[in-house]
Amino acid sequence: MVSLQDSHSSSNHFPPHTRNFYSPSSTKIHRQTGRSMRTIRSNIYHDDQSRNSFTTERSSFVSENLTDSVIDMRLGELALRTHSSAAKSASSDEEFLQLSQAFSDFSACSSDISGELQRLATLPSPENEPTSEAEPEVPEEPCQGFLQRENFSTEIIESISPEDLLPTVKICVDGLQSPSIAIKQSAAAKLRLLAKNRADNRALIGESGAVPALIPLLRCSDPWTQEHAVTALLNLSLHESNKAIITNAGAIKSLVYVLKTGTETSKQNAACALLSLALIEENKSSIGACGAIPPLVSLLISGSTRGKKDALTTLYKLCSIKPNKERAVSAGAVKPLVALVAEQGTGLAEKAMVVLSSLAGVEEGKEAIVEEGGLAALVEAIEDGSVKGKEFAVLTLLQLCTESVRNRGLLVREGGIPPLVALSQTGTLRAKHKAETLLGYLREPRQEASSSAL
């Protein structure tokens, strides 16, 4: 999946006018001889009441001074305090951070975050797609925030308790409601990162009021702000209690909007956010009724390999109910699914057959699969597909032929008997059983025809 650096490097893609948001001049700080920038910042933002909260006076202008240096300084202080009090567990902390970094190498803030959605979708796990690009060097400047210093910030986040992060989360939530696009963008990016790996952070952010503030950004005209917002909501949705918060706040329609209008990465993450919400059974009908299926089919047709996988997984989950099966067939899902069955080595063929098998559960789906050449594609999958692919192919063919003498005859004309015989002898136990059952059905029309000829 596309990481934060992969999707777009903020140093290369953000408009020039947003740079002022990150510059030291935004806080009107002037360097004096003999005084470090760290000392100056500490004096300006020092909290002499409590190291765990900000004063009321500071919160009144915090959204206007949401500079990356303020939050990095805060996180840095918390990390130093945490490390000094937890020196005894340094080795275990290091192992945990290495594990977190392993996840980050695959997907920094993505629709396959920590592999959780692959597990929840109950589909065959796709092979990891390494997206290793050299990370841009970070210049030595006093104000560098989460966007430019993601690795550093990630390590800090892993070492700080949610309670200590609460003031930082509050700053970000306030920033989401700022009139400045630059501040909204940065605040959404920070929440995206904070919710990246840790379940306790997701719970904290969900309870902080961030969700209702993130949803309007899904319709933001700035593509990067929209991308940060949808990915933050995706990450938050992985926490079970946040699913209800997100749906009750009216996010589904806005996620569908992103699915139609967003960047490639935004569309992928919107699809996976809807997948995450669809794990609650009653949400499946709402997501389908809000128009999610046609844009998912569009992503299936024109998306990247990653986008197609996300669309397939989400369609599979949504199409477990009959109304969504009918919507998918009406949206033209069958034709691209049949085309994907022939694609080998991408991890798409097996998933496409699973979705086809689901759509074969309604009469319109069966008719569409046959009309789009699905019988021939499935026979080829039995001949040349993977072990799992052969299982899914024979299962779908069995669905198509069980109650249709016409489809049995078409399958015979497509040369289906020899590969089915071979599968009944050499396939997995499940595949053998399905192949033998299907071969029994294929003999019936012949027996009927022979009897009528006598």
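**Figure 1. Contacts and overall make-up of the chain.** Of the contacts in the chain with a separation of 6 or more, 74% are accounted for by residues 24 or more positions apart; a contact means heavy atoms within 4.5 Å. This is a predicted model, in which local features need pLDDT of at least 70 and side-chain atom pairs count only at pLDDT 80 or more, whereas totals for chains, interfaces and linings use all residues. Residues are numbered from 1 along each chain as its sequence is written, and side-chain values use heavy atoms, with hydrogens and water left out. The chain has 28 helices and 0 strands; helices (H or I, at least four residues) and strands (E, at least two) are DSSP runs, numbered from the N terminus. Buried residues form 54% of the 454 residues in the chain, where buried means under 20% relative accessible area, exposed over 50%, and partly exposed in between (1.4 Å probe, protein chains only). The accessible surface of the chain is about 20,100 Å², and 52% of this surface belongs to carbon and sulfur atoms. Accessible areas come from the Shrake-Rupley method with a 1.4 Å probe, and for residues only the protein chains shown count as cover.

Figure 2. Helix α11 spans residues 199-207 and includes L204. With a relative accessible area of 15%, L204 is buried. Leaving aside residues up to four places away in sequence, L204 touches P162, L165, L166 and V169. The C-alpha atoms of L204 and P162 are 6.7 Å apart in space, although 42 residues separate the two in sequence.

Figure 3. A search of the whole structure finds 8 salt bridges; a salt bridge is a side-chain nitrogen of Lys or Arg within 4 Å of a carboxyl oxygen of Asp or Glu. Side chains of opposite charge can pair when their charged atoms come close. In this view, the side chains of D200 and R198 meet at 2.9 Å, N to O. D200 is partly exposed at a relative accessible area of 35%, while R198 counts as buried at 11%.

Figure 4. E281 pairs with K284 in a salt bridge whose closest N and O atoms are 3.0 Å apart. Both residues lie in helix α17 (residues 281-289), 3 residues apart, which is about one turn of the helix. E281 is partly exposed, with a relative accessible area of 46%, whereas K284 is buried at 6%.

Figure 5. The side chains of K388 and E391 form a salt bridge of 4.0 Å, N to O. These two residues stand 3 residues apart in helix α25 (residues 387-401), so about one helical turn separates K388 from E391. K388 is partly exposed, with a relative accessible area of 44%, and E391 is buried at 9%. Salt bridges with shared partners join K388, E391 and R430 into one network.

**Figure 6. Patch of negative charge on the surface.** The patch gathers E363, E364, E367, E371, E372 and E403. Patches are made of residues with over 30% relative accessible area and no salt bridge, like charges being joined within 9 Å and nonpolar side chains (Val, Leu, Ile, Met, Phe, Trp, Tyr) within 5 Å. Asp and Glu count as negative and Lys and Arg as positive, with His and the chain ends not counted. E364 is partly exposed, with a relative accessible area of 37%.

Methods: The place of a charge is taken as NZ of Lys, CZ of Arg, CG of Asp or CD of Glu.
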